[in-house]
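Biologist: I am new to this structure and would like to learn how to read it. Please show me the chain first, and then we can go through its features one by one.

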Amino acid sequence: MSPIVRLAPSLNRMTPRVIPAIVLLAALGSGCGGSSSQHSATERASELPDPQTYAATLDARERYWWQQPKRVVELLDCAPGMTVVDLGAGTGYFLPYLSSAVGPSGQVLALDVERAMVDMMVQRVRRDRLLNVSPGVVPPDDPALTPRSVDRVLVVNTWHHLNDRVAYAQKLLHALRPGGLVLIVDFDEESPKGPPVEMRLTPSTVVAELESAGFSAELLEESIPYQYAIAGRR
Ligand SMILES: C[S@@+](CC[C@H](N)C(=O)[O-])C[C@H]1O[C@@H](n2cnc3c(N)ncnc32)[C@H](O)[C@@H]1O
């Protein structure tokens, strides 16, 4: 069964498994991924960098050393055959690493609220032949996933964009299979990268939000510059 039944009922019937953005949304995105111009979901419409500028920031070569995508994906603890969600996937920066981690028998759902981002992911998927990756547009308040259909959810530099985060976390909890894991990576208060300081969330806030939603959550010991990583387990 497709994990995205409500929005893309024919997802698994399409060949290749890459889908175009199926759902049109009015919500607009904001600057992100290491720029200091990030804004919350509620502020998106007012200060929108154009998608190419946004993409250039997310895909900047220098990001590799501080983002450490291989380390992040290691923390997600994937296994071949798993179904993994990249929530707020942007241009798909993490997709090659996730695709490789779950292998040909696994599936990666690359979800974003922005159609322009999803279009870029579709291009990346075609260019890099990431045949187990399916990009899709989702509403701002719902990952639109079938209950107990996914094993892992990665949320990088995106959690602070969500509005009602406890309600959102509950939806993620329902989407996870038993033993499932959500990994939230976001910017430290002291980081020279990231959104304005007043928008940053402390690790204890994120842990408390996940716990309120019903997760068992902990701050992971990790070595990613500028950022913390929090695991929420079902
Ligand atoms: C800072 S970017 C991070 C992109 C990607 N995770 C990365 O690290 O390269 C945040 C992304 O989250 C998306 N986003 C914001 N609010 C969202 C929501 N409610 N649901 C899904 N995606 C959202 C934005 O459109 C944007 O692409």
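Predicted model: local features only at pLDDT ≥ 70, side-chain atom pairs only at ≥ 80, totals over all residues.

Biologist: What share of the 234 residues counts as buried?

Modeller: A residue is buried under 20% relative accessible area, exposed over 50%, and partly exposed in between (1.4 Å probe, protein chains only). By that rule, 56% of the 234 residues count as buried. Accessible areas come from the Shrake-Rupley method with a 1.4 Å probe, and for residues only the protein chains shown count as cover. The accessible surface of the chain comes to about 10000 Å², and 53% of that belongs to carbon and sulfur atoms.

Biologist: Which residues line the largest pocket?

Modeller: The general idea is that rolling a probe the size of a water molecule over the atoms shows where empty space is left. On a 1 Å grid over the protein atoms alone, a pocket is an open set of points where a 1.4 Å probe fits, with protein on both sides within 12 Å along at least five of seven lines; lining residues have an atom within 4 Å of a point. Here the lining consists of A55, D59, T91, M120, Q123, R124 and R127. The volume of this pocket is about 170 Å³, where a volume is the space filled by probe spheres set on the points, and grid points are joined across faces, edges and corners.

Biologist: Which helix gives the most to that lining?

Modeller: Helix α5 (residues 115-128) does, with four residues. By type, the lining has two nonpolar, two polar and three charged residues. In this scheme Ala, Val, Leu, Ile, Met, Phe, Trp, Tyr, Cys and Pro count as nonpolar, Asp, Glu, Lys and Arg as charged, and the others, Gly among them, as polar.

Biologist: What does the side chain of R124 join in a polar contact?

Modeller: A polar contact is a pair of N or O atoms within 3.5 Å; within protein, one must be able to donate a hydrogen and the other to accept it, and residues adjacent in sequence count only if both atoms are side-chain atoms. The side chain of R124 joins that of D59 at 3.0 Å. R124 is in helix α5 and is buried because its relative accessible area is 12%. Leaving aside residues up to four places away in sequence, R124 touches D59, T91, G92, Y93, P96 and R129.

Biologist: Is M121 buried or exposed?

Modeller: M121, also in helix α5, counts as buried because its relative accessibility is 0%. Beyond four places in sequence, its contacts include A89, L95, A110 and P135. M121 and G92 are 29 residues apart in sequence and 5.3 Å apart in space, C-alpha to C-alpha.

Biologist: Where is H160 found?

Modeller: H160 is in the loop between β4 (150-156) and α6 (165-175). It counts as buried because its relative accessibility is 4%. Its side chain makes a polar contact of 2.9 Å with the side chain of D186.

Biologist: What is the phi of R129?

Modeller: Most residues other than glycine have a negative phi. The phi of R129 is near 50°, a positive value. R129 lies in the loop between α5 and β3 (133-137) and counts as exposed because its relative accessibility is 60%. Y226 also has a positive phi, near 75°. Its place is the loop between β6 (216-219) and β7 (227-233), and it counts as partly exposed because its relative accessibility is 22%.

Notes: Residues numbered from 1 in each chain as written. Heavy atoms only, no water. Helix = DSSP H or I, 4+ residues; strand = E, 2+ residues; numbered from the N terminus. Contact = heavy atoms within 4.5 Å.
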